[in-house]
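Me: I would like to go through this model with you, one topic at a time. Shall we begin once it is displayed?

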Amino acid sequence: MVNYDFNGKIVLVTAASKGIGLAIAQEFYKAGANVAICARNESVLKDAVDKIKENNGGEIIGYAADLKNFSQCEQMIDKAESYFSSSIEILINNSGGPPPKKIMDTDDNDWSDAIN
């Protein structure tokens with residue numbers, strides 16, 4: 001197994017309160033990175049931060065933000081860079097795709113929401 005050293009790197013993982021985003025954030029954290037994560041739900045976000053902290057690693061901070069809201073995204077980036085006193089070096093943009101359903105039932109709005 002390859003061990004990566006992200007010691008001191010600043011990483012932002014969006015939509016990281018569960019699933020793939022959470023797993024990515026955990027691995028960066030365990031590799032020594034300082035990790036900022038976001039989610040829309042404050043209590044789910046807190047649970048994710050606590051779960052990540054169960055491992056040894058860098059620092060972890062969570063921000064409640066809706067990725068559809070550009071202003072909230074800007075604020076999240078500003079807060080993360082201020083907290084870590086450095087620029088974000090790695091961005092993992094892990095926003096969700098269209099809701100799961102048959103492709104024929106997926107409409108243009110579903111795809112537009114996922115891309116935006």
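**Cysteines, strands and salt bridges**

Reply: Cys 38 counts as buried, at 1% relative accessibility (buried means under 20% relative accessible area, exposed over 50%, partly exposed in between, with a 1.4 Å probe and protein chains only). This is a predicted model, in which local features need pLDDT of at least 70 and side-chain atom pairs count only at pLDDT 80 or more, while totals for chains, interfaces and linings use all residues. Residues are numbered from 1 along each chain as its sequence is written, and side-chain values use heavy atoms, with hydrogens and water left out.

Me: How many disulfides does a search of the whole structure find?

Reply: The search finds zero disulfides, a disulfide being a pair of cysteine sulfur atoms within 2.5 Å. The closest cysteine sulfur to that of Cys 38 belongs to Cys 73 and is 7.1 Å away, too far for a bond.

Me: And is Cys 73 buried or exposed?

Reply: Cys 73 is buried, with a relative accessible area of 15%.

Me: Which residues does Ser 17 touch?

Reply: Leaving aside residues up to four places away in sequence, Ser 17 touches Leu 22, Cys 38, Ala 39, Val 44 and Ala 48; contact means heavy atoms within 4.5 Å. Ser 17 lies in the loop between β1 and α1 and is buried, with a relative accessible area of 15%. Helices (H or I, at least four residues) and strands (E, at least two) are DSSP runs, numbered from the N terminus.

Me: Turning to β1, which of its residues are buried on each side?

Reply: Strand β1 (residues 10-13) is covered on both faces: Ile 10 and Leu 12 are buried on one side, Val 11 and Val 13 on the other. In a regular strand the side chains alternate between the two faces of the sheet.

Me: In what sense do β1 and β2 pair, parallel or antiparallel?

Reply: β1 and strand β2 (residues 34-39) pair in the parallel sense over four bridges; two strands pair if DSSP finds at least two bridges between them. Asn 34 in β2 is the bridge partner of Ile 10. Strand β4 (residues 90-92) also runs parallel to β1, joined by three bridges, and Leu 91 in β4 stands opposite Leu 12.

Me: What do β1, helix α1 and β2 make together?

Reply: With helix α1 (residues 19-30), the strands β1 and β2 make a right-handed β-α-β unit. A crossover is right-handed if, with the strands pointing away from the viewer, the path from the first strand over the helix to the second runs clockwise.

Me: New topic: how many salt bridges does the structure hold?

Reply: It holds three salt bridges, each defined as a side-chain nitrogen of Lys or Arg within 4 Å of a carboxyl oxygen of Asp or Glu. One of them joins Lys 9 and Glu 89 (3.6 Å, N to O). Lys 9 lies in the segment before β1 and Glu 89 in the loop between α3 (70-84) and β4, so this pair ties together parts that are 80 residues apart in sequence.

Me: And where do Glu 27 and Lys 30 lie?

Reply: Both lie in helix α1, three residues apart, about one turn of the helix. Glu 27 is partly exposed at 47% relative accessibility, as is Lys 30 at 42%.

Me: What about Asp 50 and Lys 46?

Reply: The side chains of Asp 50 and Lys 46 form a salt bridge at 2.8 Å, N to O. Both residues are in helix α2 (residues 42-53), four residues apart, about one turn of the helix.
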